Amino acid sequence: MCGIVGYVGSLPVKDILINGLKRLEYRGYDSAGVAMWQPEGLEVVHRVGKVANLEEACADKGAGSTCGIAHTRWATHGRPSEANAHPHVSCDGRIAVVHNGIIENYAELREELLARGHAFRSDTDTEVVAHLVEEYYEGDLLRAVRAATRRLVGAYGLVVTCADEAQTLVVARKDSPIVMGVNDDGCYVASDMVALAKDISDIVVLEDYQLAKLTPAGMVFCGVDGEAIEPEVIHVERDLEEAEKGGYPDFMMKEIYEQPRVIRETLDGRMVNGALSIEELDLSVEELSFIDRVYIIACGTSYHAGLIAKNLIEGWARIPTEVEVASEFRYRNPIITPSTLVVAVSQSGETADTKAAISDARVRGAKVFAITNVVDSSIARESDGVIYTKAKKEISVASTKSFTGQVVSLTLLAMLLGQSKGRLSSSQIRLMFRELADTAGQVEEILSDTSVIERAALACKDATSAFYIGRGISSAICYEGALKLKEISYLHAEAYAAGEMKHGPIALIHEGFPVVTVATKSPVYEKTLSNLQESKTRGALIVAVATEGDEKIKEYADYVLYVPKVRNEFSPITVSVVLQLFARYIAVARGCNVDQPRNLAKSVTVE
Ligand code: F6R
């Protein structure tokens, strides 16, 4: 959730840290700080708010320093303040720590350290780590960090520096991502690859209970007991434009416009000699045919992709499918048998609840399959198989292109299950695949003229609340539409299965209340139209998403947002693009920062 960056080498560290933090700012942005090594001691600066505030405060700092650590925070323990911003330092200020994750036993450690005379300056869980390392420090930082991590319960990605050890960083990890790389100028460490120097494409992903020591001479690795480790070096293709807006006003807009590419690349190579191929699933057709229950586990937007998939899997394969919020699933007692398939959906591949839920499912004997956007992420590593969504780096906190990648991947999975159950023939699959591929062009068509969507958004921008209604697969997409609006515009929005309106929510409708209705052509079109009229007659402002050529809907809707005609099962792909744009235009009109909505973080690595 927070972002970490560290560097040691021959270049001035300040610019590397600040630029790294700017690239990581999408992860957390309530406060930020740096600690830079200087001969007379660590130079530590904290600021509340954006990295730009920290940059300003560092204007005359960091001269000559070539070693340091930095952090951008998303508050968990302790409100956003300078005192609670990282790096946290030991009593004597000679040890500084940045941390992602949560130290669950911090209260007990704090008591112990207070009793031993340590003085605390913040309300954070992280500060105990600085004092613990100080407690164990006897001239060897790596040894002290090893000893400290043995005492920690919880999740941590840690980078530590010490005034008494020039040009040295020590890194440790458990359940919180840490990547490292080296180039001619030195060693880099970060919580996310995007903050490593652009020319680094061979990276080390630190594993749980591993530590590393970084100096200008390179990186050495060990386990918690000090045993030497030779980690795997992974080659990754870096997209150097990934963190640039490329002429778009914000990352969200850029990412919305990338969706045709995401659809094409996610489908690329999936039809081989006329047959659907998801080799990564690593299950034979026979094994697939034994699956009699599917659980889709995810959070937030990824959960909504799961709701869509439930309709597809049950419709095409007739396999009972439950979609579960990961934070609930992990504390239930779900019915899992050897013929259960668990599908974890996660853009980041690091969401703490989803990760914990799949570990639990595996212990119970389920086969776990992941759909994620991040190569070698924790969820990818801990699953039996994985489909990568090919969305590439998603910077905007609100998911758009990764959602589309998830829906397309889940659609493929549903088709495969349908085929393995003998319910979809090869020729049906080939036809469906072609239609699925066509959605890329259809999304392009939507993106070529967004003026009506913008007009509808401007008409709704001053509302205080909105409903999203639809039936069947369209009700699933409404949940996602409402979430997009809530998170980026701070406008209250709720989604309902359209038939539920008259069982309560309709009481809220009054003159001008926006009701976004997904009424594309489907077997339940006429029913949705009646629900739309129920709201209309009570004064609602109706924004309808409808199928091109539908003239009838104009009689009832104030704004009609047309999408090209597609198979009903594929409509979430086109409709979601319209709802993303609708939410974004409202948010911009309300003066919101669409890429960095308040209180949110891109990757939720704490429970
Ligand atoms: C909303 C959004 C979040 C994430 C959720 C799960 O736009 O992005 O709701 O979908 O935090 O994250 P992942 O998919 O990384 O597991």
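Predicted model: local features only at pLDDT ≥ 70, side-chain atom pairs only at ≥ 80, totals over all residues.
**The ligand's pocket**

- The second largest pocket holds about 490 Å³ of space.
- Its lining is made up of 27 residues, and Cys 299, Gly 300, Ala 601, Lys 602 and Val 604 are the ones nearest the centre.
- Two or more lining residues come from each of helix H9 (300-317), strand S20 (340-346), helix H11 (352-363) and helix H16 (473-489).
- Sorted by class, this lining has 11 nonpolar, 12 polar and four charged residues.

**The ligand and its neighbours**

- Which residues come nearest to the ligand? Out of 14 residues around the ligand, they are Ser 302, Ser 346, Ser 348, Thr 351 and Glu 487.
- Ser 348 also places a polar side-chain atom 2.6 Å from an oxygen atom of the ligand.
- In the side chain of Lys 484, an N or O atom is 3.0 Å from an oxygen atom of the ligand.
- Val 397 takes part through its backbone, where a polar atom is 3.4 Å from an oxygen atom of the ligand.
- On its own the ligand has 400 Å² of accessible area, and the protein covers 90% of that.
- H9 and H16 are the elements that give two or more residues to the shell around the ligand.
- H9 has the largest share of this shell, with three residues.
- The shell divides into four nonpolar, eight polar and two charged residues.

**The largest pocket**

- About 850 Å³ of space lies in the largest pocket.
- Among the 34 residues that line the largest pocket, Met 193, Asn 373, Val 374, Val 375 and Lys 393 lie nearest its centre.
- Strand S11 (202-205), strand S15 (233-235) and helix H7 (259-267) each bring at least two residues to this lining.
- How does the lining of the largest pocket divide by class? There are 12 nonpolar, seven polar and 15 charged residues.

**Cavities**

- How many cavities of 30 Å³ or more does the structure hold? There are two.
- The second largest cavity has a volume of about 40 Å³.
- Its lining consists of Arg 471, Ser 474, Val 518, Ala 519, Thr 520, Ser 522, Val 524, Tyr 525 and Thr 528.
- Strand S25 (514-519) and helix H17 (525-536) are the elements that supply two or more of these lining residues.
- By class, the lining of the second largest cavity has four nonpolar residues, four polar residues and one charged residue.

**Two backbone spots to look at**

- Pro 87 lies in the loop between strand S4 (67-73) and strand S5 (88-89).
- The peptide bond that leads from His 86 to Pro 87 is cis, and its omega is near -5 degrees.
- Arg 318 sits in the loop between H9 and strand S19 (321-325).
- Arg 318 is a residue other than glycine with a positive phi, near 60 degrees.

Methods
Residues numbered from 1 in each chain as written. Heavy atoms only, no water. 1 Å grid on protein atoms, 1.4 Å probe; cavity = no way out; pocket = protein on both sides within 12 Å on 5 of 7 lines; lining within 4 Å. Points joined across faces, edges and corners; volume = space filled by probe spheres on them. Helix = DSSP H or I, 4+ residues; strand = E, 2+ residues; numbered from the N terminus. Nonpolar A, V, L, I, M, F, W, Y, C, P; charged D, E, K, R; others polar. Near = heavy atom within 4 Å. Polar contact = N/O pair within 3.5 Å; in protein donor to acceptor, adjacent residues only side chain to side chain. Areas by Shrake-Rupley, 256 points an atom, 1.4 Å probe, with all protein chains shown as cover.
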